[in-house]
Amino acid sequence: MKKKAALPYLVLAGVLLGVCCNSVPDGKTAKTSHPIDGVWELSHFYHLANGDTLSVDTSKVQHKIYLDGHVIWNTDPAPDASEWHGYGTYTFKNDTITETLISMSKSMQSDVNTYVIPIERSKNTYKQVNTYKRNDTVFHNIEVYKKLN
């Protein structure tokens, strides 16, 4: 009989332990981070057209920061001095990042502000492939990022 009487107390203790472990000092619930959250630096950039590699760049400087549903990214100016950067929100599900940019450089402005990006990831790297078409040519920009934090 004593074992059955202790069961409700064990359940209550488990619930309290779960609540205590997920709260922060100000009383709010701690957020769980996504595996993609962090600071990422571009390590390799590949530009392909119809499957043929047009260029490989390992010197391009570009960073992305994912944190609490927000994304911001920047890159060095292009040779023509155009700026490339953006800020917005993101979701991450089933190895797909969906970025919705709400602020961006003039060079990024278009009718499209939501980007659905399938990725392949490991613990400290991820690869994204951006595909677009011009006339009869299918282009792929492949970006490989390494995690800095």
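Here are some friendly questions and answers about one histidine and a few strands of this predicted model.

The model is predicted, with local features needing pLDDT of at least 70 and side-chain atom pairs counting only at pLDDT 80 or more, while totals for chains, interfaces and linings use all residues. Residues are numbered from 1 along each chain as its sequence is written, and side-chain values use heavy atoms, with hydrogens and water left out.

Reader: Is H47 buried or exposed?
Author: H47 sits in strand β1, residues 38-49 (strands are DSSP runs of E, at least two residues, numbered from the N terminus). Buried means under 20% relative accessible area, exposed over 50%, and partly exposed in between, with a 1.4 Å probe and protein chains only. The relative accessibility of H47 is 17%, so H47 counts as buried.

Reader: Which side chain joins that of H47 in a polar contact?
Author: A polar contact is a pair of N or O atoms within 3.5 Å; within protein, one must be able to donate a hydrogen and the other to accept it, and residues adjacent in sequence count only if both atoms are side-chain atoms. At 2.6 Å, the partner of the H47 side chain is that of N141.

Reader: How many bridges join β8 to strand β9?
Author: Two strands pair if DSSP finds at least two bridges between them. Strand β8 covers residues 125-134 and β9 covers residues 137-147, and they run antiparallel. The number of bridges joining β8 to β9 is ten.

Reader: Which residue in the turn between β8 and β9 has a positive phi?
Author: β8 and β9 form a hairpin with two residues between them. The turn residue with a positive phi, about 55°, is N135.

Conventions: Helix = DSSP H or I, 4+ residues; strand = E, 2+ residues; numbered from the N terminus.
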